[in-house]
Amino acid sequence: MRRVNMVEIKVPVISTEGKVGYVVRWYKNDGDEVKEGEEIAEVMIEKTTLHIQAPLSGKLKIVKNPNEEVREGEIIGYIE
């Protein structure tokens, strides 16, 4: 059986309060190949737009969809 390593994509932590925001959009679709450093998502926290980059190259697995509530530090997807 093949083991797949997955790397978490998390909302950056910009405060110590664990603020709530939402996923604005994904620039790629679930299952798409992404390249390390490529912008793949946009998240809004407290009127601050955060641009999320792929931590490495691989296949994108989305777990939080646009308009879904997220907290700082929460996982929004994976790269496998």
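Two strands count as paired here if DSSP finds at least two bridges between them. Keep in mind that this is a predicted model.

Q: What is the order of the strands in the open sheet of four strands?
A: Start with β2 (residues 20–26), which pairs with β7 in the antiparallel sense over three bridges. β2 also pairs with β4, antiparallel again, over five bridges. β4 in turn is joined to β5 by six bridges, and those two run antiparallel. Put together, the order reads β5-β4-β2-β7.

Q: Which strands stand at the edges of this sheet?
A: The order is β5-β4-β2-β7 and the sheet is open. An edge strand has a single partner, so one side of it is left without a neighbour in the sheet. That describes β5 (48–53) and β7 (69–71).

Q: Which residue is the bridge partner of V43 in β5?
A: β4 and β5 run antiparallel and form a hairpin with two residues between the strands. In that hairpin, E46 takes a positive phi near 50 degrees. Over in β5, V43 is bridged to L50.

Q: Is K64 buried or exposed?
A: K64 sits in the loop between β6 (58–62) and β7. Leaving aside neighbours within four places in sequence, K64 is in contact with V23, W26, E69, V70, E74, I75 and I76. Its relative accessible area is 18%, and the cut-off for buried is under 20%. So K64 is buried.

Methods: Residues are numbered from 1 along each chain as its sequence is written. This is a predicted model: local features need pLDDT of at least 70, side-chain atom pairs count only at pLDDT 80 or more; totals for chains, interfaces and linings use all residues. Side-chain values use heavy atoms; hydrogens and water are left out. Buried means under 20% relative accessible area, exposed over 50%, partly exposed in between (1.4 Å probe, protein chains only). Contact means heavy atoms within 4.5 Å.
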